[in-house]
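Please keep the sequence and the structure in view while reading the numbered points.

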Amino acid sequence: MDLTPTEVPVRRRRSRRAYVALLAVLGGLSVVVWQGLSSASLYFYNADEAVEQRDHLGDRRFRLQGTVLGSSVEQTGEGVDFTVAYNGVQVDAQHRGDPPELFEPGIPVVLEGRWDPSGAYFASDRILVKHSEQYEAENEVRLEDAEDGRSAGAGADAEP
Amino acid sequence: MLAVSHVGYIAAGWGIVLGSLALYGLRTVRRGRTLAQQVPPEDRRWT
Amino acid sequence: MTAPHAVGSGPSGSTSSGATRVLGGLSLAGLALLLGYALVWSPADRTQRDSVRLMYVHVPSAIVAFAACALTTVAAAMWLRRRTEGWWVLGGASAEVGLVFTALTLVTGSIWGRPTWGTYWDWDPRITSTSLLFVMLVGYLALRRIDNEAGDAAQRGTRGAIVGLLLFPNVVVVHYSVDWWRSLHQTATITRLDPTIEGTMLFTLMLGIVVFGLIFAWLLVHRFRVGWLEERVEHAGLDDALRARRAEAGVVAGLGGGTA
């Protein structure tokens, strides 16, 4: 019982120091996490950046983001050839393997691969479709005119 | 026209979620039953 | 007044009450309605087709998981300040339920990712930060258990609570990860001022959030009561042990006042 008065202040002081230490740890941790995730911000290069830094990138493997251009998609024996664009810069890409189901003109994609040594095109072996936050009801016009790609749907849904 | 795409994915997603929630709910209620029997009723303030 | 709790109401106890029965009923009715809207009455998406129906389970799971993490952080902070049993039990309950929903968020996201992105998993900033959240919830629950068994009442759960404090900041990181960093994951759909989503789809999504909120509340109340009962049982065990000790000591010192 006579222990309590002395015990309480000691514990308080100790816990205050612990909280200060905790804050320091927290600060450090958040810096680390931020740095880590920011370097993952090189998650992909946009098409224009990839072209700009072509020499620097060399034959390194990286990810390239861009929107698949309208009539550029061409099935080849081993996969598919197409052109992506970002910020007005176009990049020809040759993909080996089956593209994902949602792959189609007008959709933004993230390609994994490297510059071809010739520098003429991007050799990709993995396509990820970057779905946008737009959700629209599928309509019959769209189904029938699916071949026309975006134009049919865009026309039907065009805003005034 | 009425064909639904991606049935497998949809069934898997919804099935796993509803199944897990049902199992977890059941487990929690069972845990409560077992524990409640070891405790006098005045400790179960909600009854 | 002394012993009305004798036999009648006692033996068949549970964590149910009027409130949980109402919550449970609403949850089930809402779930039926949600299934109708999510799987049948809402339209397929233009690009995603029917795989968009996974959104109505993925997004509500995620929102509930994040709410549970926020609640855990509040409970952890209050536990550090007040050290009252209610906050302790709430922290454990919301973290456990939150862990379930975080796991479901990751699983449904993965399943949805396959038909839409073309992959089940990718270390995209949002997926990475959500995985971190999952690990932290596991860590929080583990530390609680370790600290609880360590026995020192004053230090009980302090380390766990510190992890608990970090949960909500991580939720903020998860939320903004798609804006701060380049990400495969789409950016926010419904927290925008001009939701970029068709009417029935938006309604279904909102309904999903409400229904999952109800299910979360139902689970949380039950789980809270389980935690509360656990405390009672533990304390009862402790009291018994103390009583036994005292009785022993009393007998040894000859102060027992005879036998029973």
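1. pLDDT is the predictor's confidence in each residue, on a scale from 0 to 100.

2. Where confidence is low, the predicted coordinates should not be read in detail.

3. Chain A as a whole has a mean pLDDT of 74, with 66% of its residues reaching 70 or more. Which elements of chain A mark the lowest and the highest confidence? The lowest is helix H5 (residues 150-157) of chain A, with a mean of 36, and the highest is strand E5 (residues 89-96) of chain A, at 92.

4. The secondary structure of chain A consists of five helices and seven strands. Read from the N terminus, the order of these elements is α-β-α-α-β-β-β-β-β-β-α-α. Chain A has 160 residues, of which 20% count as buried. Of its contacts between residues at least 6 apart in sequence, 48% join residues at least 24 apart.

5. Strand E2 (residues 62-68) of chain A deserves attention for its pairings. With strand E1 (residues 45-46) of chain A, E2(A) runs parallel, joined by two bridges; here Asn46(A) stands opposite Gln65(A). With strand E6 (residues 108-115) of chain A, E2(A) pairs in the antiparallel sense over six bridges, and Gln65(A) stands opposite Val110(A).

6. E2(A) is also joined to strand E4 (residues 79-86) of chain A, by two bridges and in antiparallel fashion. Which residue of E4(A) is the bridge partner of Thr67(A)? That partner is Ala85(A).

7. The contact between chain A and chain C involves 27 residues of chain A and 31 residues of chain C. On the chain A side, helix H1 (4-39) and strand E7 (122-129) are the elements that give two or more residues. H1(A) provides the largest share, four residues. By type, the chain A side comprises 14 nonpolar, six polar and seven charged residues.

8. Chain B also meets chain C, in a contact that takes 31 residues from chain B and 33 residues from chain C. The chain B side divides into 16 nonpolar, 10 polar and five charged residues.

9. The largest nonpolar core has 70 residues, and the members that touch the most others are Ala68(C), Val97(C), Ile215(C) and Phe216(C). At least two residues of this core come from each of several helices, among them helix H1 (7-36) of chain B and helix H2 (55-82) of chain C. The largest share, 17 residues, is supplied by H6(C). Leaving aside residues up to four places away in sequence, Phe216(C) touches Val64(C), Ala68(C) and Val97(C).

10. A second, separate core of 23 residues includes Val84(A), Ala93(A), Val129(A) and Trp117(C).

Methods. Residues numbered from 1 in each chain as written. Chains lettered and ligands numbered in written order. Predicted model: local features only at pLDDT ≥ 70, side-chain atom pairs only at ≥ 80, totals over all residues. Buried ≥ 20, exposed ≤ 12 C-beta atoms within 10 Å, placed from the backbone. Contact = placed C-beta atoms within 7 Å. Nonpolar A, V, L, I, M, F, W, Y, C, P; charged D, E, K, R; others polar. Core = buried A, V, L, I, M, F, W, Y, C linked by C-beta atoms within 7 Å. Pairing = 2+ DSSP bridges.
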